[in-house]
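I opened this notebook to record what I looked up in one structure. The entries begin with a local region and end with the whole chain.

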Amino acid sequence: MKDQIEDIATDLEQEVIDFTREIISIPSVTGNEGPVIKRIQKEMKKIGYKSIQIDDMGNLVGRIGSGENLIAIDGHVDTVEIGEKTSWKHDPFDGKLEDDIIYGRGACDQKGGVASVLYAGKILKEIGVPEKTTLLVVCSVQEEIYEGLNWQYIITENKVIPDAVILSEPSNLNIAIGHRGRVDIKVRTTGISSHGAAPELGDNAIYKIAPIVLDIIRMDSELNVDPIFGKGNVCVTDIRSTSPSINATADSSTIHIDRRLTSKDSEESVLNEIKALESVKRTNAEVYIPEHKYQSKSGSIYSVKGYYPSWYMEESHPLVQTASRAYEIQFNKDPVLNYWRFSTNGAATKGIFNIPTIGFGPGNEKFAHTIEDQVPVEHLVKAMAFYTQFVRLWGRGN
Ligand SMILES: [Zn+2]
């Protein structure tokens, strides 16, 4: 079976190259995924996926097989912006193929992964999905800004709850078993505005936020090192203020803090850390996690808290074991198990809903979000073979 999978994956090489290049050529910055989702939907139909649906948020799902054991492989279709186009060596929307590497925005993060998953479904159609198993391919939206929001929608609104999830984000063909979490935190000070010619009559909110910023800088260097994820991070990523004019002192000032979480940190613990700062207490600053709002296609408004939990899987878990076995069978060597540095939809699937989750995808994450965004053809073919072998083994074991 290993050879049969490898042979079919190799036969599909040209198709997966063409499809990866084509979806790279369809821009899909977060919030504008419609056209690429439509194109992938068309390909799903051609391959023979069943129950193909686009939900109200814009996520596309399709199924191969009809067993009750549901294994989901997720790939987000949105990308970050291209930045300054002239700084790209290869046109970001050309999907240029050069020396067996495909270049362009989203090649690595993560249209190569989406294409590999889609065609793994084609191999499974040919060799057969285990009887009790269904492969659910999910092409999710809005991941680059609100990772996991899509899965919160899929689970709570669509009521789809898989038994296990594989994320096809770039892992350099290693098996990712977790990552640090993230919390968005706002700190807001208020003051009293006065004329810039008489600042002593007011109470400048910027002067109150300034010592808090300095405390956050210090806090980052003092964070504990975690045995699983290493050190957390805290940094100020935005600062703004309000005042009636630039000739008046500020009556409010707000900073945004990006806090990366280790396995020991929780939503409460990191909020309390900041609330306990002397500068925060002295100024009576408000510390809170903002709610993000988004509108679905039918106009409903959903809101979600800016909290993306860290997660990890024990190496002894059956999902990790099955993935490792699939890797060994398909590639004749032991896999590397590691943690992603970035956050993914796993923040929801494992972090919030505790569904067993791992990551495996083509492309080296170091090229994600860069002007050298790229994915090797060899990775696409290997990822297709891995997903196929995994679904077979998982289906047999359950
Ligand atoms: Zn990604």
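Entry 1. I located Gln110 in helix α4, which covers residues 107-127; helices are DSSP runs of H or I with at least four residues, strands are runs of E with at least two, and both are numbered from the N terminus. A cis peptide bond joins Asp109 to Gln110, with omega about -5°.

Entry 2. I noted that this is a predicted model, in which local features need pLDDT of at least 70, side-chain atom pairs count only at pLDDT 80 or more, and totals for chains, interfaces and linings use all residues. Residues are numbered from 1 along each chain as its sequence is written, and side-chain values use heavy atoms, leaving out hydrogens and water.

Entry 3. I checked Lys159, in the loop between α5 (149-156) and β7 (164-167). Its phi is positive, near 60°, in a residue other than glycine. Lys159 is exposed at 62% relative accessible area; exposed means over 50%, buried under 20% and partly exposed in between, with a 1.4 Å probe and protein chains only.

Entry 4. I turned to Asn172, in the loop between β7 and β8 (175-179). Asn172 is not a glycine, yet its phi is positive at about 60°.

Entry 5. The C-alpha trace spans about 80 × 45 × 40 Å along its principal axes. Of the 398 residues in the chain, 56% are buried. Among contacts (heavy atoms within 4.5 Å) with a separation of 6 or more, 77% join residues 24 or more positions apart.
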